Amino acid sequence: MRWTIAPTVAGVPEVRHRLRDLLRAWGVAEEIEEILLLVATELTSNAVRHAAIRTERIRITASHTGAEVRLEVADDHPFRPHALLDTGPDAEDGRGLMIVKLMVAEIGGRIDVLSVGAGKSIRVTVRGDAPG
């Protein structure tokens, strides 16, 4: 599933609601759903806050293949968030992304920051069922 939103604060709840409906339709475990909703909210909010100046549309992609769920949030700003690449506990910025990174790692998932054209895509991959 792919969709785009304008880089405005009003688009953030839209992403959250659409993703929640999609994850429930796929039968994703509630624990995973909650983490992915938090991730989507943080990534979309950050794209609005930091990339709107260079981005006409924020692109969201969600897919479910077998037991894996993948979520991507892409924008046209080349800045790669340091909080996902290398964050220490004393960092002044990036606490929300650091929490997202830790939550995703706790359930055995991963986060990748990819260059896409002039911008970037942040991809989160997790299991679709509750960790055992």
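**Helix packing and core**

Modeller: This is a predicted model. Start with helix α2 (residues 30-51) and helix α4 (residues 95-106), which pack at an angle of about 150° with their axes 10 Å apart.

Biologist: Why those two values, the angle and the distance?
Modeller: Two packed helices are described by the angle between their axes and the distance between the axes.

Biologist: So how do α2 and α4 run relative to each other, parallel or antiparallel?
Modeller: Roughly antiparallel, because angles over 145 degrees are put in that class.

Biologist: And is the crossing of α2 and α4 left-handed or right-handed?
Modeller: The crossing of α2 and α4 is left-handed. From α2, the contact uses I35, L38, V39, E42, L43 and N46, and from α4 it uses G96, L97, V100, M103 and V104.

Biologist: How do the residues of that contact of α2 with α4 divide into nonpolar, polar and charged?
Modeller: Eight are nonpolar, two are polar and one is charged.

Biologist: You listed N46 there. Is N46 buried or exposed?
Modeller: N46, which sits in helix α2, counts as buried because its relative accessibility is 17%, and the cut-off for buried is under 20%. Setting aside residues up to four places away in sequence, N46 touches A51 and L97.

Biologist: Let me step back. How many helices and strands are in the protein chain?
Modeller: The protein chain has four helices and five strands. Read from the N terminus, their order is β-α-α-β-β-α-α-β-β.

Biologist: What share of the residues count as buried?
Modeller: 40% of the 132 residues in the protein chain. As for contacts between residues at least 6 apart in sequence, 63% of them join residues at least 24 apart.

Biologist: What about α1 and α2, at what angle do they cross?
Modeller: At roughly 155°, and their axes come within 9 Å. α1 and α2 are therefore roughly antiparallel to each other. The crossing of α1 with α2 is right-handed.

Biologist: Which residues meet in α1 and α2?
Modeller: On the α1 side they are V12, V15, R16, L19, R20, L23 and R24. On the α2 side they are E33, E34, L36, L37, L38, A40, T41, T44, S45 and V48.

Biologist: And how do the residues of the contact of α1 with α2 divide?
Modeller: Nine are nonpolar, three are polar and five are charged.

Biologist: Pick one from that list. Is A40 buried or exposed?
Modeller: A40 is in helix α2 and counts as buried, at 1% relative accessibility. Apart from neighbours within four places in sequence, A40 is in contact with V15, L19 and L71. A40 and L71 are 31 residues apart along the chain, and their C-alpha atoms are separated by 7.7 Å.

Biologist: New topic, the core. How many residues has the largest nonpolar core?
Modeller: The largest nonpolar core has 32 residues, and V39, I60 and V126 have the most contacts inside it. At least two residues of this core come from each of β1 (2-5), α1 (11-26), α2, β2 (58-65), β3 (68-75), α4 and β5 (119-127).

Biologist: Where does the largest share of this core come from?
Modeller: From α2, which supplies nine residues.

Biologist: Now the loops. Is V9 buried or exposed?
Modeller: V9 is in the loop between β1 and α1, and V9 is exposed, with a relative accessible area of 66%.

Biologist: Where is F79 found?
Modeller: In the loop between β3 and α3 (82-85). F79 is partly exposed, with a relative accessible area of 40%. From F79 to A51 is 8.2 Å, C-alpha to C-alpha, and the two are 28 residues apart in sequence.

Biologist: Last one, where is D129?
Modeller: D129 is in the segment after β5 and counts as partly exposed, at 35% relative accessibility. Leaving out neighbours within four places in sequence, D129 is in contact with A29, I32 and A67. D129 and E33 are 96 residues apart along the chain, with their C-alpha atoms separated by 9.4 Å.

Notes. Residues numbered from 1 in each chain as written. Predicted model: local features only at pLDDT ≥ 70, side-chain atom pairs only at ≥ 80, totals over all residues. Heavy atoms only, no water. Axes fitted to C-alpha atoms, helices over the stretch in contact; angles between N-to-C directions. Parallel < 35°, antiparallel > 145°, perpendicular 65-115°, else oblique. Left-handed = near helix turned anticlockwise from the far one by under 90°. Contact = heavy atoms within 4.5 Å. Nonpolar A, V, L, I, M, F, W, Y, C, P; charged D, E, K, R; others polar. Core = buried A, V, L, I, M, F, W, Y, C linked by side-chain atoms within 4.5 Å. Buried < 20%, exposed > 50% of the residue type's maximum accessible area, 1.4 Å probe, protein only.
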